[in-house]
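This report examines the structure shown below, with attention to its secondary-structure elements, its contacts and the confidence of the model.

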Amino acid sequence: MTLETVALHLAAGQLNTFFPLLQQGVVVPATVGCSLKSLLCDQFAIPAEYVANRITTVFVDNRPVDDLDRTLVQDGSRVTLSGAMPGLVGATMRRGGFYAALRQGISHAADHIEGVGERGCIRVKLFNLLLGELGPLILAHGQILDQDELTALLRHFPGQYKKTSADTGRVLLTVSFME
Amino acid sequence: MDKIARIDMGAPEGPKVTVGSLGEYAGLGGRAMTSLVVAAEVHPLAHALGAENKLVISPGMLSGTTGSMTGRLSVGCKSPLTGTIKESNAGGQAAQVLARLGYAAVILEGKPVGDDLYKIVIDKDGIQVIVDNSLKLMDNYPLVARLRQEYGDKVAYMTIGSAGERKLLAASIACTDPELRPTRHCGRGGVGAVMGAKRVKAIIINDAGTKMRPPKDPDAYRDANRKFVEGLRKHPVTGEGLPAYGTNVLTNVLNEAGGYPTNNFKTGQFSGSADLSGETQAALEIARGGSATHGCHRGCVIQCSGIYNDKDGNYVTKQPEYETVWSHGGHCGISNLDTVAKLDYMDDNIGVDTIEMGVTIGVAMEAGLAEFGDDAAAIRLLEEVEKGTPLGRVLGCGAAVTGKVFGVERVPVVKDQALPAYDPRAVQGIGVTYATTTQGADHTAGYAIATNILKVGGDVDPLKTEGQIELSRNLQIATAAIDSTGMCLFIAFAIMDQPETFQALLDMLGSFHGISMTGDDVVALGKKVLSAERDFNTRAGFTKHHDRLPRFFYNEPIAPHNQVFMMKDEELDDVFNW
């Protein structure tokens with residue numbers, strides 16, 4: 001699948017323009033059929049220590065996740081990443097947390113992962129502190145948008161982008177930020 | 001804090017003040033003080049709005065000191081909303097000021113015969129009870145503005161709005177914040193109606209001429225407080241998440257978990273949640289010249305509150321908390337933060353509990369009084385409460401009363417108190433606490449997520465089913481203890497994860513009072529408080545059959561997980577077996 005690519009290179013201060021989009025989720029191309037840990041660390045290149053200590057609340061398809069190694073990412077999966085949350089329920093949602101029992105019934109069950117990957121798409125959502133910390137990385141990885149979504153987004157950045165191939169129905173948008 | 005003031009509002013010659021020693025209540029504060037006094041001194045079958053009820057106001061055990069996070073004030077009584085014992089606490093300045101004046105409790109007793117309205121002035125010279133009928137039916141913002149003209153800006157105010165005077169069951173007691181806005185409320189259970197029944201409109205607390213409460217071991221206390229603050233600042237929840245986004249950071253997460261009650265608990269996800277989220281709210285507050293980081297009392301280092309301005313940069317209200325944004329937002333199908341902020345301001349001004357009021361409006365929508373998602377109608381319904389119309393009086397008495405009046409079956413209450421913002425079908429464990437707490441449905445009754453470090457009830461395997469009962473029990477014990485210290489419950493995140501921060505808390509308590517405290521002592525205090533509360537409720541006629549969720553939680557599966565509440569009755573009955 002070859003998509004038209006649009007590249008944006010923006011000032012660092014423009015990152016927060018993407019926060020509403022990242023909260024609602026962006027569709028990113030990925031190798032699926034792998035573990036969530038592999039997706040985060042190998043494909044998104046998020047340091048393992050960061051995953052362990054900062055991404056403390058994780059959902060896949062609305063189910064809170066406890067074990068990243070035993071959570072399968074499939075084509076169409078919805079992966080939501082959050083920092084530590086306040087409140088009892090915040091603690092309850094915490095990955096592998098002491099209060100995980102309080103959410104029995106909705107927790108993500110452990111998957112069997114064979115390790116055979118294929119290309120697909122997943123939706124990634126970022127919440128709270130991770131918006132600023134992981135947003136640049138996810139946006140650099142690239143997100144797939146349809147033309148209407150792209151047009152709406154580019155209104156925020158007149159004259160700041162360039163197309164690199166011919167028009168098609170969907171595009172791959174990559175965004176980088178100046179230091 | 002070496003004295004208790006009792007104010008008999010029904011004394012034959014007019015209100016009479018008696019100040020005495022602590023007696024059997026020595027060493028208590030906060031919820032421990034309010035609940036043990038109510039349990040011992042209030043007839044459990046008393047009418048909550050009658051002369052036999054008492055309104056107990058108590059700062060926490062560490063309030064009025066240089067310690068951080070020590071500014072919670074507890075108010076207790078028999079609740080007119082639930083009929084149970086009630087403790088409701090709030091931030092603001094009142095706890096610190098009252099504690100510095102030396103009062104471990106101020107207890108309003110009796111009930112005046114006539115229609116006169118009173119204000120109570122407490123300062124270093126004593127307590128005065130003054131008739132002031134010019135304050136009648138004033139709401140909190142104009143009321144505090146009026147009082148400031150007379151008593152100035154270096155005091156703390158506790159007030160009731162028109163809802164309290166009208167004895168509406170959702171009425172709250174407002175405590176002023178550092179900017180003297182009536183934004184911090186003892187909200188739950190109708191405590192404002194009890195103050196209104198005693199015809200007390202305002203309490204003015206002036207600590208001029210007093211000093212910080214001195215610890216028994218000042219050096220140890222200072223050192224423990226420093227470590228405690230360091231622990232709060234380095235923890236990602238108390239040092240980063242809460243200051244940046246406030247409690248409303250939970251909206252996105254609860255919605256993602258499918259546990260965000262929407263349209264009066266019909267579904268677990270709301271399509272407009274991103275518009276209501278803490279992330280969106282914080283960005284809006286900053287863009288409008290408000291603030292996403294603000295403390296509700298001096299000495300707070302978490303700063304989970306904020307200032308919400310309108311599009312022109314004018315103050316609207318303090319940053320609405322998660323439960324408020326939910327109750328007036330997703331619960332009613334409303335996704336406009338400006339609408340939520342206006343409703344929050346109206347709640348604070350009229351003096352009603354934001355959870356109870358928002359849930360009630362959702363029940364009214366269910367009844368057909370308005371459509372879900374109709375912002376203007378929600379405001380109109382709250383204006384009825386403000387005006388005191390017959391409809392407004394029904395709504396102001398909460399979700400249970402409104403549901404009965406309009407024949408609604410899906411009424412989310414336990415012991416007639418509205419459920420907070422977490423659906424117990426998705427998060428089953430919190431349903432255990434909602435059902436069994438002594439207070440009626442209350443998320444903060446089992447909130448002190450420090451049970452692992454307290455080892456309350458021994459080690460629990462959190463991945464076993466029975467763990468939910470034990471966890472709820474332990475959470476309720478730990479919460480009862482922390483509610484007694486005057487500490488904000490949000491400290492629990494840091495003390496759960498950081499043993500050295502928990503030790504610092506114990507050292508603060510120990511060095512201040514000159515005793516050696518252990519986790520076991522904290523657990524014993526929590527059990528003592530809960531036992532007294534349970535005993536009061538039993539004598540008031542409550543049985544295990546009241547420790548249940550409404551039937552629709554057992555019968556109606558909720559999307560997206562299509563679950564019902566599955567905890568068995570006999571399991572719920574086991575919560576208080578220790």
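Predicted model: local features only at pLDDT ≥ 70, side-chain atom pairs only at ≥ 80, totals over all residues.

Val56(B) has Ile107(B) in β6(B) as its bridge partner.

## Packing of α1 against α22

Helix α1(B) also meets helix α22 (residues 519-539) of chain B; their axes come within 9 Å and cross at roughly 30°. The crossing of α1(B) past α22(B) is left-handed.

On the α1(B) side, the residues in contact are Arg31(B), Ala32(B), Ser35(B), Leu36(B), Val38(B) and Ala39(B). Their counterparts in α22(B) are Leu525(B), Val529(B), Ala532(B), Glu533(B), Asp535(B) and Phe536(B). Divided by class, the contact of α1(B) with α22(B) has eight nonpolar, one polar and three charged residues.

## The three-stranded sheet

A further open sheet of chain B has three strands in the order β13-β14-β15, with antiparallel pairing. Strands β13 (291-294) and β15 (315-318) of chain B are at its edges; each has a single partner strand, so one side of each is left without a neighbour in the sheet. From one strand to the next, the twist averages 25°.

Strand β14 (residues 305-309) of chain B pairs with β15(B) in the antiparallel sense over three bridges. Here Asn309(B) has Tyr315(B) in β15(B) as its bridge partner.

## Domains of chain B

Chain B is divided into domain 1 (3-205), domain 2 (247-418) and domain 3 (428-572). The C-alpha centres of domain 1 and domain 2 of chain B are 25 Å apart. The contact between these two domains takes 37 residues from domain 1 of chain B and 29 residues from domain 2 of chain B.

On the side of domain 1 of chain B that touches domain 2 of chain B, at least two residues each come from α3 (140-151), α4 (162-165) and β11 (184-186) of chain B. Of these, α4(B) gives the most, with three residues. By class, this side of domain 1 of chain B has twelve nonpolar, 19 polar and six charged residues.

## The contact between the chains

The contact of the two chains takes 45 residues from chain B and 35 residues from chain A. In chain B, the helices α7 (236-245), α8 (250-256), α10 (278-287), α17 (428-436) and α19 (467-485) each supply at least two residues of the side that touches chain A.

Helix α7(B) gives the most to this side of chain B, with seven residues. The residues on the side of chain B that touches chain A comprise 25 nonpolar, 16 polar and four charged.

## Backbone details in loops

Pro560(B) is in the loop between α23 (552-555) and α24 (569-572) of chain B.

Arg199(B) is in the loop between α5 (191-197) and β12 (200-205) of chain B.

## Confidence of the model

The model scores ipTM 0.92 and pTM 0.95. For chain B the mean pLDDT is 94, and 97% of its residues reach 70 or more. Over residues 460-464 of chain B, however, the pLDDT is below 50; this stretch has 14 contacts in the model beyond near neighbours in sequence.

For chain A the mean pLDDT is 90, and 94% of its residues reach 70 or more. Among the elements of chain A, strand β7 (residues 78-82) of chain A has the highest mean pLDDT (98) and strand β10 (residues 161-163) of chain A the lowest (68).

Technical notes: Residues numbered from 1 in each chain as written. Chains lettered and ligands numbered in written order. Pairing = 2+ DSSP bridges. Helix = DSSP H or I, 4+ residues; strand = E, 2+ residues; numbered from the N terminus. Contact = placed C-beta atoms within 7 Å. Nonpolar A, V, L, I, M, F, W, Y, C, P; charged D, E, K, R; others polar. pLDDT = per-residue confidence, 0-100. Domains from an automatic or database assignment. Axes fitted to C-alpha atoms, helices over the stretch in contact; angles between N-to-C directions. Left-handed = near helix turned anticlockwise from the far one by under 90°.
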